[in-house]
Amino acid sequence: KRQGTLDVVRSVGNVGLYLGLPAGLFVDRFGPQLTALIGSAVCSIGYFLAYSSTASFLPKSTAMVAASYFIAWHGGAWLDTAAVQATVKNFPLNKGVLLGLIKSFFGLSGSIVAQIYSGMFVSDSQRPGGHLSNSTMDKGCSPRDHHRERRASDPPHGVMTEKEGPVSILLFLSISIACIGCISAFFLRLSSPSQRALPLAA
């Protein structure tokens, strides 16, 4: 049942991610800067809704979480569209190489977020091998020693628990995407023909 719920959320999120026509129409008329601002706002709102639902501030249901991911990943489509148009316009002689670089970063972003989650939101006791073996009692430990070892394995004060980590990463994504998106949009501009870069290689 849990895997089925994850599949639904992932599928709905992918629909939002690859529904890029609105972003394409918008960027052709208003440019990449405003498109990136809207994309960062939409993406941030989507992850905040997912956080609110997971943290029980909003109804916790599959439909609510799926809708949140649709919004968040659709914002990603707007950000990607803005970056692609700015690259094509500013680097017409090297657009193939740079578009490949953009798509590589876009594809690797999930792995980067996974490393951030593992490093910042997972305690040592939650990592593989970090849990106590069920055979502790078979090694001559008394019930009191077993209880003491279990308490020692509890995450210290201030460390995310197994339930808090996935919730907190959503809030982290919401805030970080809003900040980074606004900063990036400020520098994302189309250059004039005389300012455009020369080829990277002869």
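Is Ser-56 buried, partly exposed or exposed? Select Ser-56 to begin: Ser-56 is partly exposed, with a relative accessible area of 48%, where buried means under 20%, exposed over 50% and partly exposed in between (1.4 Å probe, protein chains only). Ser-56 is placed in the loop between α3 and α4. The phi angle of Ser-56 is near 70°, a positive value in a residue other than glycine.

The model in the viewer is predicted: local features need pLDDT of at least 70, side-chain atom pairs count only at pLDDT 80 or more, and totals for chains, interfaces and linings use all residues. Residues are numbered from 1 along each chain as its sequence is written, and side-chain values use heavy atoms, with hydrogens and water left out.

**The whole chain**

Next, display the protein as a cartoon. The secondary structure comes to seven helices and zero strands, helices (H or I, at least four residues) and strands (E, at least two) being DSSP runs numbered from the N terminus. Of the 202 residues in the protein, 29% are buried.

**Two salt bridges**

A search of the whole structure finds two salt bridges, each defined as a side-chain nitrogen of Lys or Arg within 4 Å of a carboxyl oxygen of Asp or Glu. Select Asp-7 and Arg-10, whose side chains meet in a salt bridge at 2.9 Å, N to O. These two residues are separated by about one helical turn because Asp-7 and Arg-10 are three residues apart in helix α1. Asp-7 is partly exposed at 34% relative accessible area, and Arg-10 is also partly exposed, at 40%.

Now select Asp-80 and Lys-103, whose side chains form a salt bridge at 2.7 Å, N to O. Asp-80 lies in helix α4 and Lys-103 in helix α5, so the pair ties together parts that are 23 residues apart in sequence. Asp-80 is buried, with a relative accessible area of 14%, whereas Lys-103 counts as partly exposed at 42%.

Ala-83 counts as partly exposed at 24% relative accessibility.

**The largest pocket**

The largest pocket holds about 2,200 Å³ of space. On a 1 Å grid over the protein atoms alone, a pocket is an open set of points where a 1.4 Å probe fits, with protein on both sides within 12 Å along at least five of seven lines; lining residues have an atom within 4 Å of a point. To centre the view, select Tyr-47, Tyr-69, Trp-73, Val-113 and Leu-173, the closest to the pocket centre of the 49 lining residues. The elements that give two or more residues to the lining are α1 (2-18), α3, α4 (62-90), α5 (95-120) and α7 (164-187). Helix α7 gives the most, with twelve residues. By type, the lining divides into 32 nonpolar, twelve polar and five charged residues; Ala, Val, Leu, Ile, Met, Phe, Trp, Tyr, Cys and Pro count as nonpolar, Asp, Glu, Lys and Arg as charged, and the others, Gly among them, as polar.

**A nonpolar surface patch**

Finally, select Phe-30, Leu-34 and Leu-37, which make a nonpolar surface patch of about 260 Å². Such a patch consists of residues with over 30% relative accessible area and no salt bridge, with nonpolar side chains (Val, Leu, Ile, Met, Phe, Trp, Tyr) joined within 5 Å. Leu-34 lies in helix α3 (residues 32-54) and is partly exposed, with a relative accessible area of 37%.

Notes: Patches are made of residues with over 30% relative accessible area and no salt bridge: like charges are joined within 9 Å, nonpolar side chains (Val, Leu, Ile, Met, Phe, Trp, Tyr) within 5 Å. Accessible areas come from the Shrake-Rupley method with a 1.4 Å probe; for residues, only the protein chains shown count as cover. Grid points are joined across faces, edges and corners, and a volume is the space filled by probe spheres set on the points.
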